[in-house]
Amino acid sequence: MIETILAAEGAPEGAAVFFPAGYDILWSLVVFVVIALFFGIFAIPRFRKILDERAERIEGGIQHAEAAQAEAAAALDEYKKQLADARAEAARIREAARVEGTEILNELKVQAQAEADRITATAHTQIEAERQAAVASLRAEVGSLAIDLASGVIGESLNDDAKAAAVVDRFLAELEADENAKAGN
């Protein structure tokens with residue numbers, strides 16, 4: 001049935017079926033040229049301009065990113081340098097504090113030793129003064145006891161100060177001689 005309809009309209013047969021008519025080719029060619037001129041004159045330059053602007057922005061962004069990266073690397077290097085300087089400064093301060101602490105400790109030890117020596121010297125002086133006072137008090141006590149004892153042994157009173165002093169001195173000298181003899185042996 002389709003064949004009869006096509007034959008009635010005067011449709012081409014065989015390979016001519018695949019080729020359009022001449023007027024279709026002409027009008028298709030005119031429309032193609034008009035569209036090609038429109039794209040060639042208006043659309044393509046506009047797309048090219050947009051693409052060039054976009055490429056420039058991308059290149060500018062890349063350059064800006066590279067500059068920012070270089071700046072960040074410089075800042076990182078500066079930070080590392082400052083950190084190394086701060087660590088060196090901290091080490092120097094710790095060392096100075098340690099040396100100063102050692103010096104203060106040594107000064108305190110010297111002051112403590114000087115104070116101990118002063119206290120020891122004062123104690124020795126005080127002990128010597130108390131010993132001298134005890135010896136003097138003991139001599140006076142021993143002297144009066146010796147006079148009383150000698151008075152009882154001799155049977156006469158030794159109230160004469162000169163005699164009493166001579167007896168006491170002789171008695172103490174004998175005691176010291178006995179002490180020295182015992183210490184020497």
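Good morning. A residue counts as buried when its relative accessible area is under 20%, as exposed when that area is over 50%, and as partly exposed in between, with a 1.4 Å probe and protein chains only. By that scale Arg 98, with a relative accessible area of 47%, is partly exposed.

The structure before you is a predicted model, in which local features need pLDDT of at least 70 and side-chain atom pairs count only at pLDDT 80 or more, while totals for chains, interfaces and linings use all residues. Residues are numbered from 1 along each chain as its sequence is written, and side-chain values use heavy atoms, with hydrogens and water left out.

I begin with the overall architecture. Helix H2 covers residues 22–154. Of the 185 residues in the protein, 6% are buried. The accessible surface comes to about 15900 Å², and 64% of it belongs to carbon and sulfur atoms; such areas come from the Shrake-Rupley method with a 1.4 Å probe, and for residues only the protein chains shown count as cover.

I turn now to surface patches. Patches are made of residues with over 30% relative accessible area and no salt bridge, where like charges are joined within 9 Å and nonpolar side chains (Val, Leu, Ile, Met, Phe, Trp, Tyr) within 5 Å. One nonpolar patch has an area of about 1100 Å², and its members include Leu 29, Val 31, Ile 35, Phe 38, Phe 39, Phe 42 and Ile 44.

Which residues form the aromatic cluster? They are Phe 38, Phe 39 and Phe 42. Rings of Phe, Tyr and Trp (its six-membered ring) pair if their centres lie within 6.5 Å; planes under 30 degrees apart count as stacked, over 60 as edge-to-face and the rest as tilted. The whole structure holds two aromatic pairs. Phe 38 and Phe 39 make an edge-to-face pair, 5.7 Å centre to centre with 80° between the planes. Phe 38 and Phe 42 make a tilted pair, 5.7 Å centre to centre with 45° between the planes. Phe 38 and Phe 42 are four residues apart in helix H2, and so about one helical turn separates them. Phe 39 is partly exposed at 40% relative accessibility, whereas Phe 42 is exposed at 53%.

Glu 56 lies in helix H2 and is exposed, with a relative accessible area of 57%.

Finally, the salt bridges. How many does the whole structure contain? There are four, each being a side-chain nitrogen of Lys or Arg within 4 Å of a carboxyl oxygen of Asp or Glu. Among them, Glu 89 meets Arg 92 at 2.4 Å, N to O. Another joins Glu 95 to Arg 98, with the closest N and O atoms 2.3 Å apart. Glu 95 and Arg 98 are three residues apart in helix H2, so about one helical turn lies between them. Arg 118 bridges to Glu 115, with the closest N and O atoms 2.4 Å apart.

Definitions and conventions:
Helices (H or I, at least four residues) and strands (E, at least two) are DSSP runs, numbered from the N terminus.
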